[in-house]
Amino acid sequence: MEVTNRYIVTKTHVDGAPEESHFELKTASLALTVEPGSNDVVVKNLYVSIDPYQLNRMKSYSSSQSAIYFSVSITPGEGIDAYGVARVVASGNSKFEKDDLVVGLIAWGEYSVVKEGNMLSKLDPMGFPLTYHVGILGFSGLAAYGGFFEVCQPKKGEKVFVSTASGSVGNLVGQYAKLFGCYVVGCAGSKKKVELLKEKLGFDEAFNYKDETDLKSTLKRYFPDGIDIYFDNVGSEMLEAAVANMNTFGRVAVCGVISEYTDGKRAAPDMLDVVYKRITIRGFLAADHMNVYSDFISTTSDHLRTGNMQALEDITPGVENIPSAFIGLFSGDNIGKKIVKIADE
Ligand code: NAP
C-alpha cells in the first residue's frame, strides 16, 4: 500500500530567528512496506517533540553540528529527524512487529522510515499518556534529572535558580529540586508563567525576567544569601547575573543557551568570580546520563503516580503546524513540553 506522506523541510539554512518562510510542507508518496532483506522500519508518527536544539542544526554553521550524531546539520529540502512516539506499520527488523508502539528518532512528518530500526525502542507506556514519553519520561525529563542530580550534585536546603522555568526542562528541574528539599526560584517570560510556577508547581519564588532591568540586583533580591546551584537554559546576561550571585563552590549546569541561538550573543561571566568562588560551570547532554536512566524512570513515574509531580504539556495538532510550534519556542509561546500531535493513537 502507498500513502501520501506530508513532512516538513527547511527551504534554506536558518541563521537567526526562525520564521514561517524558512519552512515548507512537502508531500511524497511512500510505500508502507519494506523490501525483502531490508532491516528498515516504517512507522506512523503519533507525537513529535519540538526542541530548541533543532535551530542549531538548521544553521549554516554551528559547533554543535559536529559534536554528536543527533545534532548533525539539517540539509535544506530534506526530512528532519526528531524525537517522538510512533506505531510500527511495517518492519524488516525482527525487534519490531506491526502495531508495536515505539519511541526514538522519527521525523517531523506523518510517517518515518527508520533505517535499520536504529534509534528506535519498543515503548511500554506504563499506563501513562503517550505524550509523557516524549516529554517528562523522555529526553526533556532525562536532561532535567541527569542535569540536576548528576551535574549539580544538590544538597538538601541548597538554593537553586532555574531559567526558562516554565519550559519543558526547566519546570521539571524545579519540581525535582523542590521534592529533594531545596529552595527554588525560577524565572520565565510572562506573568501567567510566573503564577503557574508559584501556584501550581510549588516554586518558592518566581519572577518575569522581562520586567527586570538589572538582573544582578534582581537575583540579589531573590537570593540575599547567594545561589548554590544555577540550572542554565538561557546563557547570556542571565548566566552573567547568576555567576555574580553564586556562593563559594556553587555549581552551574549549562543545559542550553537559548537566548544565544538566535542572535549570536555570548555570555561573558566574571571569570574572577569563577576563580575566587571556585564555581564549577559544566555543560552536559541528556544522553550523558543513560547510567541513571532506570532511576530517572522509576523515580519520575512514582512521583507522577503519587501526584507529587505534574506533567506540563503544550500540544498542538497537525503536521502543518510544526513550523509555528517550533518558531513559538523562541518567543516563549509554549508552557511546558511542546509537542505536535500528528495522528490519533
Ligand atoms: P522550553 O524551555 O520548553 O522552550 C523554550 C523557552 O525558552 C521558551 O518558552 C521561552 O520561555 C524561553 N526563551 C526563548 N527565547 C528566549 C530568550 N531569548 N531569552 C530567554 N528565554 C528564552 O525548551 P526546552 O526544550 O525545555 O529547552 C530549554 C533549554 O534546554 C534550551 O536551551 C535547550 O536547548 C536545552 N536543552 C538541552 C538538553 C541537553 O541535553 N543538554 C536537552 C533538552 C533541552 P520564556 O517565556 O520563559 O522566555
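These points cover the domain division of a predicted model and the surroundings of its ligand.

1. Domain division. The protein chain is split into two parts: domain 1 takes residues 2–135 together with 312–341, and domain 2 takes 139–287. Between the domain centres, taken over C-alpha atoms, the distance is 29 Å. Where the domains touch, domain 1 contributes 21 residues and domain 2 contributes 18 residues.

2. Record annotation. An unreviewed UniProt entry lists residues 16–340 as "domain: Enoyl reductase (ER)". In the model, that span is 28% helix and 26% strand. The C-alpha atoms at the ends of residues 16–340 are 23 Å apart.

3. Ligand shell. The ligand is surrounded by 26 residues, and the closest are Ser168, Lys193, Tyr209, Ala286 and Asn334. By class, the shell holds 15 nonpolar residues, 10 polar ones and one charged.

4. Origin of the shell. Both domains take part, with at least three shell residues coming from each of domain 1 and domain 2. In terms of helices, H3 (168–180) and H7 (258–261) each provide at least two residues of the shell. H7 gives the largest share, which is three residues.

5. Which side chain has an N or O atom 2.5 Å from a ligand oxygen? That side chain belongs to Asn334. Backbone atoms also take part: a polar backbone atom of Ala286 is 2.7 Å from an oxygen atom of the ligand. For Asn233, a polar backbone atom and an oxygen atom of the ligand are 3.0 Å apart.

6. Burial. How much of the ligand's area does the protein bury? Taken alone, the ligand exposes 900 Å², and 90% of that is buried by the protein.

Terms used:
Residues numbered from 1 in each chain as written. Predicted model: local features only at pLDDT ≥ 70, side-chain atom pairs only at ≥ 80, totals over all residues. Heavy atoms only, no water. Near = heavy atom within 4 Å. Polar contact = N/O pair within 3.5 Å; in protein donor to acceptor, adjacent residues only side chain to side chain. Areas by Shrake-Rupley, 256 points an atom, 1.4 Å probe, with all protein chains shown as cover. Helix = DSSP H or I, 4+ residues; strand = E, 2+ residues; numbered from the N terminus. Nonpolar A, V, L, I, M, F, W, Y, C, P; charged D, E, K, R; others polar. Domains from an automatic or database assignment. UniProt positions renumbered as here; feature names shortened; annotations may be inferred. Contact = heavy atoms within 4.5 Å.
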